[in-house]
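The entries follow in the order in which I checked them.

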Amino acid sequence: MRSSSTAADFLRNRHSEFFYDWLLAGVAAAEDDRTSGMKAFSPFYPEEISDAFGVLELEEAVERILKAVPAPVAETVPLMEAHGRVAVEPILSPVDLPLFDNSAMDGYAVRAGDVAAASPEQSVELEIAGRIEAGQTFDAKIGTGQCARVFTGSPLPAGTDAVVMQEDTRTKADRPNRVFVTDAVKPWENVRLRGEDVRAGTALIEAGNVLTIGRLNLLGATGLATVKVGQQPKAGLLATGSELIEPGQERKPGQIYESNRLGLATLISKAGGVARVFPLVPDNLESTQEAIEKAFEECDILVTSGGVSVGELDFVKEAFEQSGGKLEFWKVAIKPGRPFVYGQRKGKFLFGLPGNPVSALVTFLLLVRPALLRWQGAIETGLPVSRGELAEVLNNRGSRRHFMRVRMGADGKVYSAGTQASHILSSLAAANGLVDVPADAVLPAGTSVRVLRWD
Ligand code: AMP
Ligand code: MG
């Protein structure tokens with residue numbers, strides 16, 4: 001039991017939840033700003049001042065990162081293992097699809113002209129000259145007054161130009177090898193034509209396409225067994241912070257459970273990277289530098305969390321530079337998420353994410369995920385987007401774009417996922433998307449919004 005109430009308790013009791021949210025957002029922003037060495041935004045201290053120097057727009061930051069990513073290194077993988085990988089070259093179809101004219105139905109391959117007058121009252125009698133199961137062939141030609149028993153996928157025999165479905169025929173026990181057609185068919189009805197889907201020589205996919213399930217089906221249907229894809233980056237994860245302990249460990253006062261690597265490792269794999277999780281790093285220069293150097297020995301891309309602000313205990317930037325790395329920038333005008341560090345070391349990349357869990361996740365999605373995808377050669381590096389409609393107002397009082405946590409229902413209605421401060425995990429858990437709310441903007445209920453998705 002607490003003996004005295006906190007400032008937050010005080011405010012919660014005396015003001016609406018909205019005001020509390022607003023104040024918390026201010027406090028979180030102030031934290032962000034403090035950590036990037038700028039004047040704090042608070043409800044009482046305008047944020048504009050802090051955005052005035054050295055801050056990159058998100059798009060510019062992403063572009064600068066993507067430009068620096070090396071061309072993909074190709075490797076050949078079986079199609080069966082290629083889902084989510086990125087093709088590094090266009091693939092032209094070696095064959096027509098369908099491969100040959102074939103039946104779309106169980107029925108009888110006929111000459112359409114023979115049954116033009118068929119009706120239930122006046123059926124047309126045909127001789128069954130053969131039977132062709134899917135996978136079989138038929139060498140003879142079907143002549144006038146004849147037909148062939150066929151099934152879905154059976155090659156269409158020479159001489160025929162349509163298939164009468166079984167339901168439009170009758171057979172008689174005393175007339176074997178005869179069928180009575182009770183409905184007419186047009187030429188090429190119920191026939192799947194060779195090449196109507198894909199012509200040999202046309203592009204099945206382009207270089208830079210991610211191999212989705214549908215694309216894999218298409219490639220497989222043409223007989224290809226392997227595909228050339230971009231190598232996957234090995235991405236290391238380092239969490240810094242002397243306060244951090246591994247989940248499951250016994251906790252001493254003041255310590256907290258490390259939780260950032262969990263989500264980040266999953267997101268790395270989802271973006272096609274191979275995640276390598278390293279031990280926790282305490283806040284001192286030697287440990288941080290040692291951990292960074294060791295991780296770079298095994299990884300192409302190193303993702304750190306925490307320790308990138310200007311506090312006395314933030315060592316990632318210094319340790320990275322000490323280890324021979326070159327910092328490119330460390331401020332991006334988004335919320336949550338400042339500060340953010342990006343640097344290069346011998347053709348490899350460092351991404352230093354803020355430690356606040358929501359900031360770490362959002363900066364990863366917006367700035368690191370694109371690099372992982374481009375590393376493999378992907379053209380498209382943005383998050384998947386769904387269109388939705390705000391069911392309630394989204395309010396950004398700050399002067400930075402705010403990627404707000406939202407929950408979008410199957411009906412396309414979009415709700416705030418809850419309190420938006422960057423240490424609040426319950427709203428992260430409730431969220432299934434982010435809405436990019438411009439600075440100083442109020443998006444009223446009913447606004448059509450783009451929801452960035454990650455799950
Ligand atoms: P920092 O960016 O290191 O100043 O950390 C900002 C806040 O995030 C602090 O409250 C940290 O304790 C917290 N934090 C940092 N890293 C982690 C982590 N890996 N898991 C959970 N919380 C973290
Ligand atoms: Mg820290």
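**Entry 1, model.** I am working from a predicted model.

**Entry 2, sheet.** I looked up the strand order first. I find an open sheet of six strands, and I read its order as S7-S4-S6-S5-S9-S8. The pairing in this sheet is mixed. Strand S7 (162-165) and strand S8 (169-170) are the edge strands, since each pairs on one side only. Strand S4 (residues 107-110) is joined to S7 by four bridges, and the two run antiparallel. I noted one bridge by residue: Tyr 108 has Val 164 in S7 as its partner.

Which residues of helix H5 (residues 260-270) are buried? I list Asn 260, Arg 261, Leu 264, Leu 267 and Ile 268. I looked down the axis of H5 next: the buried residues fall within an arc of 130 degrees, so they line one face of the helix. For background, an α-helix has 3.6 residues a turn, so residues three or four places apart point the same way. I also checked what covers the buried residues of H5, and the cover includes S13, strand S16 (274-277), strand S17 (301-305) and helix H8 (357-375). Just after H5 I came to Gly 272, which has a positive phi of about 90 degrees.

I listed the shell around ligand 1 and got 17 residues. The closest are Ala 239, Glu 258, Asn 260, Gly 306 and Gly 355. Asn 260 is in this list, and Asn 260 is also one of the buried residues of H5.

I placed Pro 233 in the loop between strand S12 (226-230) and strand S13 (234-239). Is Pro 233 buried or exposed? I have 27 C-beta neighbours inside 10 Å for Pro 233, and the cut-off for buried is 20 or more, so Pro 233 counts as buried. I left aside the neighbours within four places in sequence and wrote down the contacts of Pro 233: Gly 273, Asp 300, Ile 301, Leu 372 and Trp 375. I also took the C-alpha separation of Pro 233 and Lys 348, which is 10.0 Å for residues 115 apart along the chain.

I went through the loop between strand S19 (334-335) and strand S20 (341-345), where Pro 336 lies. The peptide bond from Lys 335 to Pro 336 is cis, with omega near 0 degrees. I found Pro 339 in the loop between S19 and S20 as well. The bond from Arg 338 to Pro 339 is also cis, again with omega near 0 degrees.

I noted Asn 177, whose phi is near 65 degrees. Asn 177 sits in the loop between S8 and strand S9 (178-181). I count Asn 177 as exposed because it has 11 C-beta neighbours inside 10 Å, and the cut-off for exposed is 12 or fewer. I also noted Lys 346, with a positive phi near 50 degrees. Lys 346 lies in the loop between S20 and strand S21 (348-353). Lys 346 is exposed too, with 8 other C-beta atoms within 10 Å.

How values were computed: Residues are numbered from 1 along each chain as its sequence is written. Chains are lettered from A and ligands numbered from 1 in the order in which they are written. This is a predicted model: local features need pLDDT of at least 70, side-chain atom pairs count only at pLDDT 80 or more; totals for chains, interfaces and linings use all residues. Two strands pair if DSSP finds at least two bridges between them. Two residues are in contact if their C-beta atoms, placed from the backbone, lie within 7 Å. A residue is near a molecule or strand if its C-beta atom, placed from the backbone, lies within 6 Å of it. The arc is that of the directions from the helix axis to the C-beta atoms.
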